[in-house]
Amino acid sequence: MSTVTILPGDGIGPEIVHQAMRVLDAVNTSMNLGITTEEHVFGGAAYDKHGDPLPDVTLNACRNSDAILLGAVGGPVYDKAPRDLRPERGLLRLRAELDLFANLRPAMLFPELADASSLKAELVAGLDMMIVRELTSGLYFGQPRGIEIRDGVRTGFNTMVYSEPEIERIAIRAFEIAMQRGKRLCSVDKMNVLEVSELWREVVERVGQSYPEVELSHMYVDNAAMQLVRAPKQFDVMVTGNIFGDILSDAAAMLTGSIGMLPSASLDSEGKGMYEPIHGSAPDIAGQGIANPLATILSVSMMLRYSLNKAAAADAIDAAVSKVLKDGLRCKDIANDAAANEIKIVNTDEMGNAVLSALNNAS
Ligand code: IPM
Ligand code: MG
């Protein structure tokens, strides 16, 4: 028996999570997985209802479950909410409260979608990299932080901070992942300017001594941004801190032209994890029923694989998603090649239906 907490969130969150739940229910029943789910409000939806983006009942449910499936949070309507009560703060608190320090963000190109990238197809064909982003420290959480008056001038400030144990545990996670992949790890920092990066590099080097098979390299973050758009296939696994990882992972996701396709995992040290699509709440298309549910459906697959130990179910979902792509089904966001090929543009619900029927036909 395992329990999954479902957090639909805001914007397109509820629409895409609904489709992902249908897929989860289908494998749960057909493969007898014994998973129970419990839905809770989170983010802006929770702020509207309880005046808090992360109410205690939601936090406790997350604590007591084996995994969490999240849609997306946030939206411009909450820009005016008190800073500490904005949906994003709820997300940051949840990551911190559950100690979800290891954020795995794959950027891979689905062969069917090679033309959807903004880069030339030959630069991205076969791209398959993983960004390992530290998620519970760094600039996002460092103290002191705030806005205050200094010598009569309003001044905003944050602190970028990493302790040795924090660097060590994310480095270990990244080396372990590199061992299971191409055995190449690039650590990204700003060592030429920041003391925090000096320590980062030193600790990553030290951890690396226990992984002699992994080829370790270091790159400054500005160069890494350039290399990602110049020659992204040079990367296998990239490990970096919270803010650099936030920025680089958006760039990497877009390289694939598939931001609506990519799942992610945020893991603690014991394997519990929160799974969510890489993309945001897309308030501009919310409520229209056109959002692409595939990243969320693939997040379910990642959850089954990494936190719930149900690899066969995960494989079945991955195969069903490949099948619908091969059949030419596309939501609008990945339909760049619609004019050229035999492509059928579908809405959120139709995409969910197609994945379900691919699952049924395979079993
Ligand atoms: C992400 C998002 C979040 C972050 C926001 C919504 C707080 O951009 O998960 O990358 O910055 O970590
Ligand atoms: Mg981000």
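Which helix gives the most to the lining of the largest cavity? The answer is H7, with three residues. Helices (H or I, at least four residues) and strands (E, at least two) are DSSP runs, numbered from the N terminus.

This is a predicted model, in which local features need pLDDT of at least 70, side-chain atom pairs count only at pLDDT 80 or more, and totals for chains, interfaces and linings use all residues. Residues are numbered from 1 along each chain as its sequence is written, chains are lettered from A and ligands numbered from 1 in the order in which they are written, and side-chain values use heavy atoms, with hydrogens and water left out.

On a 1 Å grid over the protein atoms alone, a cavity is a set of points where a 1.4 Å probe fits but cannot get out, while a pocket is an open set with protein on both sides within 12 Å along at least five of seven lines; lining residues have an atom within 4 Å of a point. Points are joined across faces, edges and corners, and a volume is the space filled by probe spheres set on them. The whole structure holds one cavity of 30 Å³ or more. The largest cavity contains about 60 Å³ of space. Its lining includes Met160, Tyr162, Asp189 and Trp200. Strand S8 (184–189) and helix H7 (195–208) each supply at least two lining residues. By class, six lining residues are nonpolar, two polar and one charged. Here Ala, Val, Leu, Ile, Met, Phe, Trp, Tyr, Cys and Pro count as nonpolar, Asp, Glu, Lys and Arg as charged, and the others, Gly among them, as polar.

Now turn to the open space. The largest pocket holds about 450 Å³. Of its 23 lining residues, Leu91, Arg95, Arg105, Ile278 and Gly280 are the closest to its centre. S3, H4, helix H9 (242–255) and strand S12 (273–277) each supply at least two residues of this lining. H4 gives the most, with four. The pocket lining has nine nonpolar, seven polar and seven charged residues.

Next come the rings. Rings of Phe, Tyr and Trp (its six-membered ring) pair if their centres lie within 6.5 Å; planes under 30 degrees apart count as stacked, over 60 as edge-to-face and the rest as tilted. The count comes to three aromatic pairs. One of them joins Tyr47 and Tyr78 edge-to-face, at 6.2 Å centre to centre and 90° between the planes. Tyr47 belongs to helix H2 (residues 44–50), and Tyr78 to the loop between strand S3 (67–72) and helix H4 (87–97), 31 residues apart. Buried means under 20% relative accessible area, exposed over 50%, partly exposed in between (1.4 Å probe, protein chains only). Tyr47 is partly exposed at 22%, whereas Tyr78 is buried at 11%.

Phe175 and Tyr211 form a stacked pair, because their ring centres are 5.0 Å apart and their planes at 10°. Phe175 lies in helix H6 (residues 164–180) and Tyr211 in the loop between H7 and strand S9 (215–220), so the pair ties together parts 36 residues apart in sequence. Phe175 is buried at 0%, and Tyr211 is buried at 12%.

Charges also meet rings. A charge sits over a ring if NZ of Lys or CZ of Arg is within 6 Å of the ring centre and within 35 degrees of the ring normal. Arg150 lies over the face of Phe157, 4.3 Å from the ring centre. Arg169 places its charged end over the ring of Phe101, 4.0 Å from the centre.
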